[in-house]
Amino acid sequence: MKELNQKETSAGRVINSSLADVDDIFRRKFGTKWDEYRNNWDNASKMAYVSDFPLFVRFETKFRCNLRCKMCVHGHPDLEAGYNYRGEMTFETYCELVDECSRYNCPSIGLNHANEPLLDKDIIERINYASQKGIMDIHLNTNAVLLNKEMSLKLLNSGLTRLCFSIDSATKETFNKIRIGANYEDVMGNIELFLRLKKQMHCDLPVTRVSMVLQEDNAHEVNSFHEYWLPKVDYVAIQRFVPISPFEEDDDIRARAKNVQPKEGTQRCSYPYESVFIHGDGTVLPCAAHKARKIAVGNVHKQSIHAIWHSAAMNQLREKHKGGDLSNLKLCQSCLSE
């Protein structure tokens, strides 16, 4: 196999591997504007730069998924009630928020968090609206259960720039242990179909990624996961497990990061320098952790994204993480523990 290009994101929480420089695909479309964005991201990840507006805004339009994966809150009924919320993000509200992103030249958005985005009847319209408003990089993570031919063609003809498949295994046996409710053959067939259609249509975008959240069940399959997928997709992501249980429950192993991670050593978190996550009820989270609703920093029905980004809550999080003093941030301690 060719020598890998490897890049880490979120201070080592995710390691991306590819056979070619994925940024080249975006440079061909966006030119120097892309390099400016990625340079800003690199500096933010080093906690050396705070942009005037988040570099990445992720939307969860509704707390809903069709799977019950074991590392996700949806897979644990005793936890799910604590994360669920009433309501969903209407298309009108979403458009207003994307309009704000556009006014501040936000370069990137995502269209799901702990939900399956293909359950959203407006997902194609949401993608296209963001593209029309000048958002460069538009992400979608899917479990691929609903990725039939019709949906694949819609996505390929939309403004989507990244399509990420969550698979978490290199074998059917491991897949069935982790991704509860999915059919291995159907998911693999859907992804293979999408990749064939993309090739037939000569589409550079969306770039494609497959991901594995490291767990005890799949850590032994990392090499075979890379070997199978690297020739097929643009890049492969190995991700650190993010705890799902509320941090008050010290006796719950689900409340701590497991000692299986893509990068050794004590981790640091740069999320407060990079992004915000907005749930369907308007709650704004400072990071990707399921349990980050416990440390929500605002609500878009009361404040603008820009105001929340510059709020005392966000500034305090940045200060704490940059200084390495997490003594009053028990949630963050549990997430970054080895």
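**View 1. I308 is buried in helix α11.** I308 counts as buried because its relative accessibility is 0%. Buried means under 20% relative accessible area, exposed over 50%, and partly exposed in between (1.4 Å probe, protein chains only). The model is predicted: local features need pLDDT of at least 70, side-chain atom pairs count only at pLDDT 80 or more, and totals for chains, interfaces and linings use all residues. Residues are numbered from 1 along each chain as its sequence is written, and side-chain values use heavy atoms, with hydrogens and water left out. Helix α11 spans residues 305-309. Helices (H or I, at least four residues) and strands (E, at least two) are DSSP runs, numbered from the N terminus. Leaving aside neighbours within four places in sequence, I308 is in contact (heavy atoms within 4.5 Å) with V284, V297, G298, N299, V300, Q303 and M314. A237 is 71 residues from I308 in sequence and 30 Å away in space, C-alpha to C-alpha.

**View 2. Strand β2 is covered on both faces.** β2 runs over residues 14-18, and five of its five residues are buried. V14, N16 and S18 lie on one side; I15 and S17 lie on the other. Strands pair if DSSP finds at least two bridges between them. β1 (residues 5-9) pairs with β2 in the antiparallel sense over five bridges. In that pairing, E8 stands opposite I15. β8 (residues 235-239) also pairs with β2 in the antiparallel sense, over four bridges. Here Q239 is the bridge partner of V14.

**View 3. The second largest pocket holds about 330 Å³ of space.** Of its 19 lining residues, N40, Y104, N105, C106 and P107 are the closest to the centre. On a 1 Å grid over the protein atoms alone, a pocket is an open set of points where a 1.4 Å probe fits, with protein on both sides within 12 Å along at least five of seven lines; lining residues have an atom within 4 Å of a point. Grid points are joined across faces, edges and corners, and the volume is the space filled by probe spheres set on the points. Helix α2 (residues 32-45) gives the largest share of the lining, four residues.

**View 4. D168 and H202 have positive phi values.** Phi is near 70° for D168. This residue is found in the loop between β6 (162-166) and α7 (172-178). D168 counts as buried because its relative accessibility is 1%. Phi is near 55° for H202, in the loop between α8 and β7. H202 counts as exposed, at 71% relative accessibility.
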